[in-house]
Amino acid sequence: MAKVEQWKEKDVLFYFLLPYSPELNLIEILWRKLKYQWLDFDAYKSFENLKEKLNFVLNNFGIKCDIKF
């Protein structure tokens with residue numbers, strides 16, 4: 001804690017984040033969009049089907065699959 005006080009004196013700002021902050025992690029936002037909006041429920045029927053659907057989303061990201069951060 002002594003170092004923290006020294007850094008505060010030098011106007012260093014600290015932001016303590018929670019151990020898990022999905023709203024601050026862009027990949028979490030992307031993953032949520034992928035799971036709940038871009039992939040149909042039938043994508044999970046088989047591993048091959050999931051790979052095919054994931055490839056479609058990844059190949060069309062920014063074209064047909066868009067996200068605003």
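What follows is a short walk through the fold, the core and the surface of this predicted model. Residues are numbered from 1 along each chain as its sequence is written, and side-chain values use heavy atoms, with hydrogens and water left out. Since the model is a prediction, local features need pLDDT of at least 70 and side-chain atom pairs count only at pLDDT 80 or more, while totals for chains, interfaces and linings use all residues.

The protein chain has 3 helices and 0 strands, so from the N terminus on the order is simply α-α-α, where helices (H or I, at least four residues) and strands (E, at least two) are DSSP runs numbered from the N terminus. Of its 69 residues, 17% count as buried; buried here means under 20% relative accessible area, exposed over 50%, and partly exposed in between (1.4 Å probe, protein chains only). Contacts are heavy atoms within 4.5 Å, and among those between residues at least 6 apart in sequence, 26% join residues at least 24 apart. The protein chain exposes about 6,400 Å², with carbon and sulfur atoms supplying 60% of that area; accessible areas come from the Shrake-Rupley method with a 1.4 Å probe, and for residues only the protein chains shown count as cover.

On the inside, the largest nonpolar core has 5 residues: Leu34, Trp38, Leu39, Ala43 and Val57. Such a core is a set of buried Ala, Val, Leu, Ile, Met, Phe, Trp, Tyr and Cys residues joined through side-chain atoms within 4.5 Å. Leaving out residues up to four places away in sequence, Leu34 touches Leu39, Leu54 and Val57.

Helix α3 covers residues 47-59 and holds Asn49. Asn49 counts as buried because its relative accessibility is 17%. Phe56 and Trp38 lie 18 residues apart in sequence, with 9.7 Å between their C-alpha atoms.

Out on the surface, Leu13, Tyr15, Leu17 and Leu24 form a nonpolar patch with about 550 Å² of accessible area together. Patches are made of residues with over 30% relative accessible area and no salt bridge, joining like charges within 9 Å and nonpolar side chains (Val, Leu, Ile, Met, Phe, Trp, Tyr) within 5 Å; a salt bridge is a side-chain nitrogen of Lys or Arg within 4 Å of a carboxyl oxygen of Asp or Glu. Leu13 sits in the loop between α1 (2-9) and α2 (26-38), and at 65% relative accessibility Leu13 counts as exposed.
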